[in-house]
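Trainee: I am new to this structure and would like to learn how to read it. Please take me through it feature by feature.

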There are 2 protein chains.
Amino acid sequence: MNKYQAVAQQMNQFIQQNNLSQGDKLPTLNDLAEEYQVSKNTIIKAVEMLESHGIVYQVRGSGTYVRGRHRKGFVNLTDVHGFQGILKEFNLTSDVIELKEIEPDENIVEILKLKEHETVYYLKRVRQIESRPLCIEESYYNKSYVPYLNEDIVQNSVFSYLRNDLKIDINFSDFFMRIGKLNEEQAGYLNLKPQDPSIDIESIYYLNNGHPFDYSLIKYHYEEAQFYMQGNKL
Amino acid sequence: MNKYQAVAQQMNQFIQQNNLSQGDKLPTLNDLAEEYQVSKNTIIKAVEMLESHGIVYQVRGSGTYVRGRHRKGFVNLTDVHGFQGILKEFNLTSDVIELKEIEPDENIVEILKLKEHETVYYLKRVRQIESRPLCIEESYYNKSYVPYLNEDIVQNSVFSYLRNDLKIDINFSDFFMRIGKLNEEQAGYLNLKPQDPSIDIESIYYLNNGHPFDYSLIKYHYEEAQFYMQGNKL
DNA sequence: AAGTATAATTATACCCATACAATTTGTCAA
DNA sequence: TTGACAAATTGTATGGGTATAATTATACTT
């Protein structure tokens, strides 16, 4: 791991363990550089990383301060695979509806930039929060990049499997959100009525080389799901 | 303006004007540094800026590439006050319902960290896209930071007034999103029925010194509004 | 004594130069 | 076709400056 990442991680741990909150001041950059035995620019990069994750903010001429913690119960769209994890304070479970290898339709081929006859893993899950249905998720993974999946893996976090075991790093992602309607089957999974609204989020995840490898369509329970996101300085 | 901002702006212009699209390769960092007559560090910072705005992505060992343009018709939550602007390809108009100076309730006082007897501007607008109602917006501006507003200003973009005239820069912001329901008055403004769903977004905007100065609650028309956002590398 | 302007100090932001590391891509030989 | 190697390109780390905003201390005035 790189120095600035290691430092950022340690600083984050320090903040969490000491339960620092909104407005608490951190040592100056010079002191931090001294403390962690790195150069000024490296500590700056570490703090920038924490800043981009919404953990601290910096004020020129004044110092570096801790940002208020996010409200609980909100799905964090900013930090999907970052320091905090999604809704980690709650008990998340999954029912796997379907997992199979398929040759997908044109739409998916286009989105994932698949070549002729390339296949994908199709995964359909219903995810619960504290045993209440939260969302229906349909995902397509390019099999060239994700060569193997099984029920065990998809029962838990697919992303941590990708990161920890396959050493796949996500570079960036696109999210599209709108309001949809539930059909009968979907309503059944979410304990709602057909024609009830749903929060539909399409996601496309890209690898470090800029190639898309995962397309997901998630329908969230409109009463259970709340989202948090964060804007940073232009 | 700083060098790296100026360079980023020029590079962005170049990308837009030459209509570069997904996967198009930019010159190497060395060449760009040469071209714009800045150091390698500065060009790196400029490219990082473009990257964080979702305009380009970088692949180590390979080069810098243009990201695909976002779908049209989506409110860009990533880049609220950045290069692209919100829905600038559409005709956005506003009806000002109310603009007044008030002493707000406890909730607002808490969120905006107001001192005893500090007042705020309260602004209520209905915003239309291509003459169709898009959202109802209620905003509270801390009068200590936004000393003056009038109907003319709020008819247009409040943010560009803040940036260009008051020299107020936003450091970061929080967004909370959930599904709400419309009451009779709100349904009237949006041409919907009472009890219809709405997309509710709460926003808090913070100044460079970390102080919140604007709290907004927006109810979007659930059929008109679609949102785009973007995740960046962890 | 209290408030106000001014100066000094502190702290982050920006810019530059350099060195080397890590990754991808192209080349060439076996 | 494959593998090894070289070249190209971005990423990381360090060190040194200058600029600018915020804070604190000082001096001054009333």
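Trainee: Which residues does Ala225(B) touch, not counting residues up to four places away in sequence?

Mentor: Two residues are in contact if their C-beta atoms, placed from the backbone, lie within 7 Å. In this predicted model, Ala225(B) touches Val75(B), Leu134(B), Cys135(B), Ile199(B) and Tyr220(B), with residues up to four places away in sequence left out. Residues are numbered from 1 along each chain as its sequence is written, with chains lettered from A and ligands numbered from 1 in the order in which they are written. As this is a predicted model, local features need pLDDT of at least 70 and side-chain atom pairs count only at pLDDT 80 or more, while totals for chains, interfaces and linings use all residues.

Trainee: How many residues has the largest nonpolar core?

Mentor: In soluble globular proteins, nonpolar side chains tend to be buried together. A nonpolar core is a set of buried Ala, Val, Leu, Ile, Met, Phe, Trp, Tyr and Cys residues joined through C-beta atoms within 7 Å. Buried means that 20 or more other C-beta atoms lie within 10 Å of the residue's own, placed from the backbone; exposed means 12 or fewer, and partly exposed is in between. Here the largest core has 38 residues, and those with the most contacts inside it include Ala225(B), Ile199(B) and Tyr220(B). Of the 234 residues of chain A, 30% count as buried.

Trainee: How many residues does the contact take from chain A and from chain B?

Mentor: It takes 34 residues from chain A and 34 residues from chain B. Strand 7 of chain A gives the most to the side of chain A that touches chain B, with 10 residues. Helices (H or I, at least four residues) and strands (E, at least two) are DSSP runs, numbered from the N terminus.

Trainee: In which sense do strand 7 of chain A and strand 10 of chain B pair, parallel or antiparallel?

Mentor: Strands of a sheet pair through backbone hydrogen bonds, either parallel or antiparallel. DSSP must find at least two bridges between two strands for them to pair. These two pair in the antiparallel sense over five bridges, and Met177(A) has Phe227(B) as its bridge partner. An open sheet of eight strands has the order 3(A)-10(A)-7(B)-8(B)-9(B)-6(B)-5(B)-4(B), with mixed pairing. Strand 3 of chain A and strand 4 of chain B stand at the edges, each with a single partner strand, so one side of each is left without a neighbour in the sheet.

Trainee: Which residues come nearest to DNA strand C?

Mentor: A residue is near a molecule or strand if its C-beta atom, placed from the backbone, lies within 6 Å of it. Of the 22 residues around DNA strand C, Leu29(A), Gln58(A), Lys3(B), Thr42(B) and Gly61(B) come nearest. Helix 3 of chain B gives the most to this surface, with three residues. Around DNA strand D there are 21 residues, and Lys3(A), Asn41(A), Thr42(A), Gly61(A) and Thr28(B) are the closest.
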